[in-house]
Amino acid sequence: MSFVNTLDFRHDSPECLGVLLVNLGTPDTPGVPDVRRYLAEFLWDPRVVEMARLPWWLLLHGMILRTRPARSAHAYQSIWTEDGSPLLAIARRQATALQGLLEARLPGPVRVALAMRYGNPSVPAALAELKAANARRVLVFPLYPQYSASTTASAFDAVTRELTRWRWLPELRFINQYHDEPGYIDALAASIREHWARHGEPERLLFSFHGIPRDYFEQGDPYHCQCQKTARLVAERLGLARERWFLSFQSRLGRQEWLRPYTDETLKEWGAAGVKSVQVLSPGFSADCLETLEEVAIENSHLFQEAGGGSYSYIPCLNDRPDHMTMLADLVVRHSGGWPEVSGPAVDAAGLAERASRARTMGAKD
Ligand SMILES: C=CC1=C(C)c2cc3[nH]c(cc4nc(cc5[nH]c(cc1n2)c(C)c5CCC(=O)O)C(CCC(=O)O)=C4C)c(C)c3C=C
Ligand SMILES: [Fe+2]
Ligand SMILES: [Fe+2]
């Protein structure tokens with residue numbers, strides 16, 4: 001076993017608080033090979049697909065990775081921007097904004113690093129960035145408002161897996177969820193009101209969350225309950241009558257049962273029933289991505305209108321809106337309190353000199 005060398009922690013410079021933002025990830029380019037590589041990593045995660053490994057490997061490599069990458073690549077091409085994947089471009093803006101807000105609010109040095117659970121920038125690369133900044137305390141912050149084992153726990157797995165290779169671990173904290181944070185609910189309500197100011201109020205407002213297999217919910221994943229609570233709190237904040245808002249789950253994959261009702265089926269039914277106007281938001285995503293920009297904003301609008309529905313509009317994710325960024329900074333500030341005062345560098349100069357001389361006499365490298 002060889003561990004990552006931690007001698008390059010800058011013992012003589014001030015320690016800083018590291019904030020590791022983690023979002024899902026995205027392919028490097030919208031080309032088929034990169035999309036295949038990304039899907040292979042994503043769909044092999046046992047937190048995402050809990051099937052027994054051998055049959056799943058055969059299905060994944062024998063079928064899914066032969067067909068899905070071309071279809072997904074086509075979808076990615078339709079939303080790709082000059083700055084690359086929307087999810088990554090927005091996450092970079094979020095990280096920069098958060099760095100500025102935290103520098104203004106925290107008493108000591110802070111470094112925000114961005115990681116993608118699958119693809120790049122990787123979790124190991126972001127942790128290395130924090131190590132180089134002398135972050136002896138790290139707050140892991142998965143950007144998923146609602147906890148799910150398939151996303152939040154997987155982000156934590158990736159961090160701890162990398163840390164199994166480190167000799168000298170930082171102190172660690174982990175934000176688990178923020179589905180009912182007042183600042184998050186307020187920002188969602190404000191984004192909806194702003195949309196209404198431009199487009200008017202719809203007959204129906206649909207909260208569409210990414211689905212998970214129903215089986216995960218039955219085994220205790222709190223995701224379903226947290227989605228319900230987020231939607232209810234936002235509707236209450238808006239003073240919206242119960243019969244005007246709905247909740248559904250999107251982006252299912254494969255043949256098994258996922259959380260219901262399904263977004264696509266709901267919109268087709270509403271179209272066929274002659275619903276005149278619908279607005280959809282996806283509050284489970286902290287940044288717009290393939291699942292919102294292509295699936296909800298484009299694909300689902302066609303389903304609704306081809307079935308006979310009226311007007312359809314998509315309310316964007318919170319992305320780097322100032323109220324969203326302030327709310328994320330508030331959470332970090334709260335989670336950064338209560339750590340004991342740091343009394344000085346983790347290793348003092350005398351300790352370092354002694355280790356260097358011992359290493360010379362013992363011939364050790366690390
Ligand atoms: C197959 C199982 C999947 C589970 C379970 C799942 C849960 C889950 N995912 C998100 C957030 C995102 N998913 C995104 C894309 C995406 N998701 C799956 C599959 C599962 N997700 C696939 C195969 C894909 C790739 C795209 C495709 O081929 O359809 C994205 C967008 C990434 C991007 O690059 O823009 C996000 C974000 C959540 C929140 C969640 C469970 C709660
Ligand atoms: Fe997903
Ligand atoms: Fe999708």
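This is a predicted model: local features need pLDDT of at least 70, side-chain atom pairs count only at pLDDT 80 or more; totals for chains, interfaces and linings use all residues.
The annotated pair comes first. In the UniProt record, an unreviewed entry, the feature "binding site" is placed at His210 and Glu291. These positions are spread over 82 residues of sequence, yet they cluster in space, with a largest C-alpha distance of 8.0 Å.

His210 sits in strand β5, which covers residues 204-210. It has 26 C-beta neighbours inside 10 Å, so it counts as buried. Setting aside neighbours within four places in sequence, His210 touches Gln250, Ser251, Gly284 and Glu291. Glu291, for its part, belongs to helix α10, residues 290-306. With 20 C-beta neighbours inside 10 Å, Glu291 also counts as buried, because 20 or more is what the label takes. Outside the four places on either side in sequence, Glu291 is in contact with His210, Gln250, Ser251, Phe285 and Val296.

Now for the helices. A packed pair of helices is described by the angle between the two axes and the distance between them. Here, helix α3 (residues 86-105) and helix α11 (residues 322-335) have axes that come within 9 Å and cross at roughly 55°, which means that α3 runs oblique to α11. The crossing of α3 and α11 is right-handed. On the α3 side, the contact is made by Gln94, Ala97, Leu98, Leu101, Leu102 and Arg105; α11 brings in Met325, Thr326, Leu328, Ala329, Val332 and Val333. Sorted by class, the contact has nine nonpolar residues, two polar and one charged.

Note on methods
Residues are numbered from 1 along each chain as its sequence is written. Chains are lettered from A and ligands numbered from 1 in the order in which they are written. Axes are lines fitted to C-alpha atoms, for helices over the stretch in contact, and angles run from 0 to 180 degrees between N-to-C directions. Helices (H or I, at least four residues) and strands (E, at least two) are DSSP runs, numbered from the N terminus. Angles under 35 degrees count as roughly parallel, over 145 as roughly antiparallel, 65 to 115 as roughly perpendicular and the rest as oblique. A crossing is left-handed if the near helix is turned anticlockwise from the far one by less than a right angle, and right-handed if clockwise. Two residues are in contact if their C-beta atoms, placed from the backbone, lie within 7 Å. Ala, Val, Leu, Ile, Met, Phe, Trp, Tyr, Cys and Pro count as nonpolar, Asp, Glu, Lys and Arg as charged, and the others, Gly among them, as polar. UniProt positions are given in the numbering used here, feature names are shortened, and annotations may be inferred rather than shown by experiment. A residue is buried if 20 or more other C-beta atoms lie within 10 Å of its own, exposed if 12 or fewer, and partly exposed in between; C-beta atoms are placed from the backbone.
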